[in-house]
Amino acid sequence: MCGIVGYIGGQDCANILLRGLERLEYRGYDSAGLAIYDSGETRVARSVGKLVNLGRLITQSPIPGRIGIGHTRWATHGRPSEENAHPHTAGSVTVVHNGIVENHLALRAQLESRGHFFSSETDTEIFSHLIREKIDSGSNLSDAVRQILPSIEGSYAIAVISATEPDKIVVAKNASPLVIGMGEGEMFLASDIPALLNHTRNFIYLHEQEMAVVTADGVVLTNLDGAVFERAPKHITWTPSQAEKGGYKHFMLKEIHEQPRAMIDTLRGRISLETGDVHLEDVTLDDARVRAIDRIYICACGTAWHAGLVGKRFIEQWAKIPVEVDLASEFRYRDPLVTENSLFIAVSQSGETADTLAALKEAKRRGARVLSVCNVMESSIARESDDIVYTHAGPEIGVASTKAFMTQMLALNLVALFLGRRRGTASADVVTHALDQLSHLPGLVEQILAETSDIERISRKYVGARDFLYLGRGENFPIALEGALKLKEISYIHAEGYAAGEMKHGPIALIDEEMPVVVISPKGSHYDKTASNMQEVMARQGRVIGVATEGDSELAGLAEDILYVPDVAQFLQPFVTTVPLQLLAYHVADMKGTDVDQPRNLAKSVTVE
């Protein structure tokens with residue numbers, strides 16, 4: 001998502017900041033800016049679009065100075081615009097921020113009641129006003145930052161400079177990354193290591209709820225209570241390319257491991273266990289309109305379509321509304337029976353998928369209310385929608401979607417619970433229980449990612465296979481489709497996904513001793529029938545790879561290999577069964593030596609029909 005850089009030392013820093021931001025472009029952004037202190041004032045330059053626009057501003061009106069901060073913004077609160085770009089200033093205080101302030105509306109209202117005026121729509125501007133208020137009351141910069149942080153709910157990595165104390169940068173971190181680069185007579189900071197590798201290889205990583213006061217001569221680390229501590233710098237040997245990937249071999253693997261964080265960000269600020277309700281900040285559907293909905297159409301392409309198939313089950317379970325799931329490329333060509341009482345849900349990572357956008361426009365023409373689930377703020381699909389649920393997955397570089405798929409399923413689950421509460425089909429107690437289970441999902445996904453040796457072993461065993469079959473029932477049928485798609489996308493192995501009950505209606509003819517068959521069969525209402533399908537495969541010498549609930553010894557006797565997932569409620573199974581299939585596809589492709597991040601013939605965003 002957003003990128004931060006900072007510098008303090010003996011050099012003019014505008015070029016250092018710009019080059020650092022360029023090395024964070026892979027994180028994705030829609031605007032950029034920097035702030036530099038010189039001769040008693042802090043000057044700010046900001047622009048929308050690519051960094052070349054910011055560079056042009058700096059070339060036309062150079063900003064000298066030896067202390068500065070810079071930022072690339074991925075919009076979460078407020079559209080991409082110059083006034084919403086960082087840095088943000090209040091009085092002498094200038095701030096850049098990564099993360100999401102969950103209680104920013106309440107804090108903003110309090111500040112406005114005390115006479116503060118805001119110039120942007122962002123949650124970030126909250127920091128500059130809160131810190132200014134403390135400085136105006138007599139606190140120094142570091143104390144002011146420390147004093148305001150307990151009032152912040154959510155995630156943040158901030159870097160703060162002040163014209164009243166131009167010899168330091170104060171930084172703080174909670175649930176968003178921040179590193180400090182160690183130089184000689186100069187210091188650097190960034191949200192990720194690639195920004196600084198041309199200047200230093202020695203880094204201090206800030207941990208959760210830690211602060212630092214950075215000067216040209218060094219750094220003082222403290223916790224939020226002000227207690228000073230020391231941490232030895234780490235020497236990094238990565239190449240710049242390796243560093244962009246966070247030390248992972250490919251972006252896809254990095255993004256698979258980012259899924260717990262992406263899930264937390266998608267849930268953050270939207271769920272209330274106290275009230276048993278879901279708050280969707282960009283959805284304005286009132287209760288009467290929700291109750292009037294008589295049918296929902298979910299429309300998407302590729303992986304997003306698989307997320308839609310899972311979402312159908314969520315909505316029908318919680319909201320009791322009939323749901324049709326359409327491939328966007330087919331929707332317009334079947335004369336869909338859309339009316340003003342229909343809700344059309346478009347699902348797209350980029351928000352620019354041409355077929356999905358065309359289907360959306362057709363649904364609007366027929367009178368439907370449009371809600372979109374997408375990852376990119378102010379994208380075409382978002383702009384065309386009446387309501388939006390943003391997945392806060394952050395930029396996804398790998399062509400094969402992973403964390404976007406996971407957050408799309410999560411967002412659709414939130415939509416289902418939101419609708420269910422307003423229709424009276426899901427009580428506060430029921431929703432509270434579901435939300436409590438959802439809140440534990442990121443930790444369970446982390447658990448799967450912590451031990452992948454079995455997946456790597458199985459990948460090595462089947463890397464030479466020519467064909468794969470994936471089977472699943474109920475909630476796990478779309479995951480069978482998604483697992484097969486992932487494998488074929490990046491390894492170029494032919495793979496097909498089927499509903500397990502359909503195996504005997506054709507696919508069983510393909511099974512022989514050379515055919516690996518991945519059967520998704522965690523404990524639940526479909527368990528016995530899916531186990532029976534596994535026996536049918538084994539009887540024909542098929543090579544069964546089972547995906548089973550931890551501790552299930554019975555299924556182990558029916559499969560050649562087993563991948564275990566945590567025991568979760570049935571409606572949550574797609575979230576945990578997805579992960580081993582992503583990793584299986586990744587490791588098979590990596591062992592085959594294919595271009596994992598940019599597979600042949602594929603594009604990240606399909607913007608033509």
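Me: How do α16 and α20 lie to each other, roughly parallel or oblique?
Reply: This is a predicted model. In it, α16 and α20 are oblique to each other. Their axes cross at roughly 50° and come within 9 Å. Helix α16 covers residues 453-462, and helix α20 covers residues 573-592.

Me: What is the hand of the crossing of α16 and α20?
Reply: The crossing of α16 and α20 is right-handed.

Me: Which residues of α16 and α20 meet?
Reply: From α16 there are Ile455, Glu456, Ile458, Ser459 and Arg460. From α20 there are Pro580, Leu583, Leu584, His587, Val588 and Met591. By class, the contact of α16 with α20 has seven nonpolar, two polar and two charged residues.

Me: Next, α14. At what angle do α10 and α14 pack?
Reply: The angle is about 25°, and the axes of α10 and α14 are 8 Å apart. That angle makes α10 roughly parallel to α14. The crossing of α10 and α14 is right-handed.

Me: Which residues make that contact of α10 and α14?
Reply: On the α10 side they are Thr303, Ala304, His306, Ala307, Gly308, Val310, Gly311, Phe314, Ile315 and Trp318. On the α14 side they are Phe405, Gln408, Met409, Leu412, Asn413, Ala416, Leu417 and Gly420.

Me: And how many charged residues are in the contact of α10 with α14?
Reply: The contact of α10 with α14 has no charged residues; the classes are 11 nonpolar and seven polar.

Me: What about α8 and α14, at what angle do their axes cross?
Reply: The axes of α8 and α14 cross at roughly 30° and come within 9 Å. Helix α8 is residues 259-267 and helix α14 is residues 403-423. The two helices are therefore roughly parallel to each other. α8 passes α14 in a right-handed crossing.

Me: Changing topic. How many disulfides are there?
Reply: The count comes to zero disulfides.

Me: Now Tyr7. Is Tyr7 buried or exposed?
Reply: Tyr7 is buried, with a relative accessible area of 0%. Tyr7 is found in strand β1, residues 3-8.

Me: What does Tyr7 touch, leaving out its sequence neighbours?
Reply: Not counting residues up to four places away in sequence, Tyr7 touches Cys13, Ile16, Leu17, Arg66, Ile67, Gly68, Ile169, Glu186, Met187 and Phe188. Tyr7 and Phe188 are 181 residues apart in sequence, and their C-alpha atoms are 4.6 Å apart.

Me: And Thr89, where is that?
Reply: Thr89 is in strand β5. Thr89 counts as partly exposed, at 36% relative accessibility. Not counting residues up to four places away in sequence, Thr89 touches Val44, Thr94 and Ser128.

Me: Last topic, the backbone. Is the peptide bond from His86 to Pro87 cis or trans?
Reply: The bond from His86 to Pro87 is cis, with omega near 0°. Pro87 lies in the loop between β4 and β5.

Me: What is phi of Gln209?
Reply: Phi of Gln209 is near 55°, a positive value in a residue other than glycine. Gln209 sits in the loop between β11 and β12, and it is partly exposed at 46% relative accessible area.

Me: And phi of Tyr492, what is that?
Reply: Phi of Tyr492 is near 65°, again positive in a residue other than glycine. Tyr492 is in the loop between α17 and β24. Tyr492 counts as partly exposed, at 29% relative accessibility.

Key: Residues numbered from 1 in each chain as written. Predicted model: local features only at pLDDT ≥ 70, side-chain atom pairs only at ≥ 80, totals over all residues. Heavy atoms only, no water. Axes fitted to C-alpha atoms, helices over the stretch in contact; angles between N-to-C directions. Helix = DSSP H or I, 4+ residues; strand = E, 2+ residues; numbered from the N terminus. Parallel < 35°, antiparallel > 145°, perpendicular 65-115°, else oblique. Left-handed = near helix turned anticlockwise from the far one by under 90°. Disulfide = S-S within 2.5 Å. Contact = heavy atoms within 4.5 Å. Nonpolar A, V, L, I, M, F, W, Y, C, P; charged D, E, K, R; others polar. Buried < 20%, exposed > 50% of the residue type's maximum accessible area, 1.4 Å probe, protein only.
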